[in-house]
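Please look through the sequence and the structure before starting.

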Amino acid sequence: MDGFTSGAVYALLALALVLVFAVTRAIFVPQGDFVTFGALTLASLQLGRTPGTLWLLVGLLIAVTILEGVAALRRGEPRRALTTAATCLGVGLVAWGLTATLTPLKAMLWAQMLLTLVLIVPLGPLLYRVVYQPLREATTLVLLIVSVALHLALVGLLLLFFGAEGARTPPFTNGSVTFGNVTVSGQSLWTIGFSLLLMVALYVFFDKTMEGKALRATAVNRLGAQLSGISTTYAGYVCFTLAALIGAFSGLLIGPNGPVTYDSGFLIGLKGFVGAIFAGLASYPLAAVGAVLVGLLEAFASFQFSAWKEVIVFSLILPVLLWRSLTSHHLEEEEA
């Protein structure tokens, strides 16, 4: 059951990685850092401390205000610059006000979880605007290098904000349920249930809404989507927002399972990446299945070969990459 629980979280991360890569051609290495931010931000709120995530959000809002303001003024659009500044100021005031109000009160767990999402989800589109949007014409290799650099920067900020000590968040509910000879904790059921619910929500979003269909069109052919009037920049904002939401929510789900430290995100994200590689970074269902297999294999390895579990899990990627390299045809990068 532990394998299914971990696999459900890895599946969410794999879906986010496939989404970001399909739309922007960026392998989003910092996806696991959103998980760490989610768990450690909630842990700080539990202790009645203001999480450093708030200051990262404020810093990115200031950076976006400057970037968008300068760009709007160069285009001769001062009203747009004022609108952007007012929007960023409003988001910052809401985040600061909620944090300043709820943190000393040590509010109920569900309120702290919502505040955690309020602080982390905006980081996705803000990071896209500051880091990736200026590089939307860059090659996949350049985007990968930038992703690694961004991951290292976020890990440094996590260490600065939360320290080197690990933290564990409380479970959504205590107790367990017995199915025959198998006893399942309530947190495992919440994790699997929320993961399935989020996957269904993503399916409805991509299949039933115009924004989701625009993302799918951009993923299939960016140039064709642009010629059809779909803004690839807007698609980038949407997919990074979803990536931040999935990462933060995954942090809330995985936080009660064990201590999360400032550098836990890389390993967690890498296991989601292994699942995404199963699908060739192209198929959402296959990515989910691959990630669940990773979770099951990790659970089996933890039981039989605990000292070698990481080696066994990451060794999976080698035959898959070899198989992909032999069966895939090389395509020239699409001109944006």
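A crossing of two helices is called left-handed if the near helix is turned anticlockwise from the far one by less than a right angle, and right-handed if the turn is clockwise. The model used here is a predicted one.

**Exercise 1.** Describe how helix α6 and helix α7 cross, and state which residues of α6 meet which residues of α7.

*Solution.* Begin with the axes: those of α6, residues 123-132, and α7, residues 140-162, come within 12 Å and cross at roughly 125°. Because angles of 65 to 115 degrees count as roughly perpendicular and those over 145 as roughly antiparallel, this angle makes α6 oblique to α7. Next comes the hand, and the crossing of α6 and α7 is right-handed. Finally, turn to the contact itself, where L127, V131 and Y132 of α6 meet L143, V146, S147, L150 and L154 of α7. Sorted by class, this contact of α6 with α7 comprises seven nonpolar residues, one polar residue and no charged ones.

**Exercise 2.** Determine how many disulfides the structure holds, and explain why C88 does or does not bond to another cysteine.

*Solution.* A search of the whole structure returns zero disulfides. To see why, recall that a disulfide requires two cysteine sulfur atoms within 2.5 Å, whereas the sulfur of C88 lies 19 Å from its closest cysteine sulfur, that of C239, which is too far for a bond. Then consider accessibility: C88 is buried, with a relative accessible area of 10%, and C239 is likewise buried, its relative accessible area being 0%.

Notes. Residues are numbered from 1 along each chain as its sequence is written. This is a predicted model: local features need pLDDT of at least 70, side-chain atom pairs count only at pLDDT 80 or more; totals for chains, interfaces and linings use all residues. Side-chain values use heavy atoms; hydrogens and water are left out. Axes are lines fitted to C-alpha atoms, for helices over the stretch in contact, and angles run from 0 to 180 degrees between N-to-C directions. Helices (H or I, at least four residues) and strands (E, at least two) are DSSP runs, numbered from the N terminus. Angles under 35 degrees count as roughly parallel, over 145 as roughly antiparallel, 65 to 115 as roughly perpendicular and the rest as oblique. Contact means heavy atoms within 4.5 Å. Ala, Val, Leu, Ile, Met, Phe, Trp, Tyr, Cys and Pro count as nonpolar, Asp, Glu, Lys and Arg as charged, and the others, Gly among them, as polar. Buried means under 20% relative accessible area, exposed over 50%, partly exposed in between (1.4 Å probe, protein chains only).
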